[in-house]
Amino acid sequence: MTRIRKVGVCGAAGTMGAGIAIVAARAGFETVAYDLSSDALSQAAENTAGFFEKSVARGKMSKSDRDAVLARLTSTNDLADLGNCDLVIEAVYEDPKVKQDLLATLDATCADHTILASNTSTLSITEIASGCSRQDRVVGMHFCLPAQLMRLIEMSPGVNTSDETFQAAWAWTEAVGQVPVRTQDKPGFILNALLVPFNNEAIRAVEAGVAEPADIDHAIKAGLGYKMGPLELIDLVGLDTQVRLCEAFYPITLDPRAAAPALLRRMVAAGRLGRKSGSGFYNYDDQAMYGS
Ligand SMILES: NC(=O)c1ccc[n+]([C@@H]2O[C@H](COP(=O)([O-])OP(=O)(O)OC[C@H]3O[C@@H](n4cnc5c(N)ncnc54)[C@H](O)[C@@H]3O)[C@@H](O)[C@H]2O)c1
């Protein structure tokens, strides 16, 4: 079975990639964070240092452990630096062409034994792997947001993924302290097959005037015991990301509930992307704001 010692993360300046790099480095793996822009990587490195600073301040980690984790985590915008990784996890844009092109380049760059994993939320692992000569060493590894705090990883083999690759990737998720769950290579796996339509329905309820966002979230939390309501969750995920999820998911499923709601698109056009832009269904002075 492939022994995983060094891990590469592609899209490591993004929401998911930065968290995945933290998971890998924190668990003791030498980790290389790759993204396109060195400015974005520097910003991500600053955020990561801030994350560990808080862990130290809260007494969850010693300063020497923090220093050791940060020393294991390096950044690059040169893909060749991933060449000797044993596992490379991609968390780039949810766009089949972007992912296929990246995997084909990784296929040509990485050592023969390197396992390539995709963090796609909605796309097919088999299709993402289709341009690679190593389709047996490509696997789905879907982390949850925020990756450094959530434990679930949905693990899905593509049609050509070997058992050995799947087992090695599964063992690695356990080695980093995550909780793997096996799913088939089906659109949205478990979580997003349920969540994308559900979250869209919550947006449509706002648009139809059924209730205020805070009341919808409150009902879901108080009535179903969820920790977070759907509109709070969309603000965390990013409204632009929700649009991208819909655009990837709807053409595959033709489920009308998966089509991006008009209100979601209007809010994205208005720059209300959720927490990252300071406002979405909520602003972060706690006042609900949406619509026009
Ligand atoms: N946001 C979520 O809640 C969430 C949850 C689970 C999985 N995902 C999946 O994770 C992936 C990334 O989503 P995100 O929300 O982190 O996106 P994001 O837009 O925050 O980050 C994407 C990053 O990828 C980089 N990138 C784009 N093309 C690249 C390339 N060719 N090479 C290297 N880097 C490249 C971008 O510069 C950016 O930093 C998607 O597949 C998404 O479906 C997202």
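Which residues that surround the ligand are the closest? I began with this point and found 23 residues around the ligand, the closest being Met16, Asp35, Glu94, Lys99 and Ser121. I counted a residue as near when one of its heavy atoms lies within 4 Å of the molecule.

I noted the basis of the entries. The model is predicted, so local features need pLDDT of at least 70 and side-chain atom pairs count only at pLDDT 80 or more, while totals for chains, interfaces and linings use all residues. Residues are numbered from 1 along each chain as its sequence is written, and side-chain values use heavy atoms, with hydrogens and water left out.

**Entry: the ligand**

I looked up polar contacts (pairs of N or O atoms within 3.5 Å). An N or O atom in the side chain of Glu94 is 2.6 Å from an oxygen atom of the ligand. A backbone N or O atom of Gly14 lies 3.3 Å from a ligand oxygen atom, and for a backbone N or O atom of Val92 I read 3.3 Å to an oxygen atom of the ligand. On its own the ligand has 830 Å² of accessible area, of which the protein covers 87% (Shrake-Rupley method, 1.4 Å probe).

I then asked which elements supply the shell. Helix H1 (15-26), helix H4 (96-109), strand E6 (138-143) and helix H10 (239-253) each give at least two residues. Helices (H or I, at least four residues) and strands (E, at least two) are DSSP runs, numbered from the N terminus. By class, the shell holds 11 nonpolar, eight polar and four charged residues. Here Ala, Val, Leu, Ile, Met, Phe, Trp, Tyr, Cys and Pro count as nonpolar, Asp, Glu, Lys and Arg as charged, and the others, Gly among them, as polar.

Why does the ligand lie between domain 1 (6-182) and domain 2 (192-277)? I recorded that both domains give residues to the shell, so the ligand lies between them. The bounds come from an automatic or database domain assignment.

**Entry: the second largest pocket**

I read a volume of about 790 Å³ for the second largest pocket. A pocket is an open set of points on a 1 Å grid over the protein atoms alone, with protein on both sides within 12 Å along at least five of seven lines; lining residues have an atom within 4 Å of a point. Its lining has 25 residues, and Ile22, Asn47, Phe51, Pro146 and Gln148 are the closest to its centre. Helix H2 (38-57) and H1 each give two or more residues to this lining, and H2 gives the most, with 10.

**Entry: backbone points**

I also looked up Pro146 in the backbone. The peptide bond from Leu145 to Pro146 is cis, with omega near -10°, and Pro146 sits in the loop between E6 and strand E7 (152-157). Phe189 has a positive phi of about 50° without being a glycine. Most residues other than glycine have a negative phi, and most peptide bonds are trans.

Definitions and conventions:
Polar contact = N/O pair within 3.5 Å; in protein donor to acceptor, adjacent residues only side chain to side chain. 1 Å grid on protein atoms, 1.4 Å probe; cavity = no way out; pocket = protein on both sides within 12 Å on 5 of 7 lines; lining within 4 Å. Points joined across faces, edges and corners; volume = space filled by probe spheres on them.
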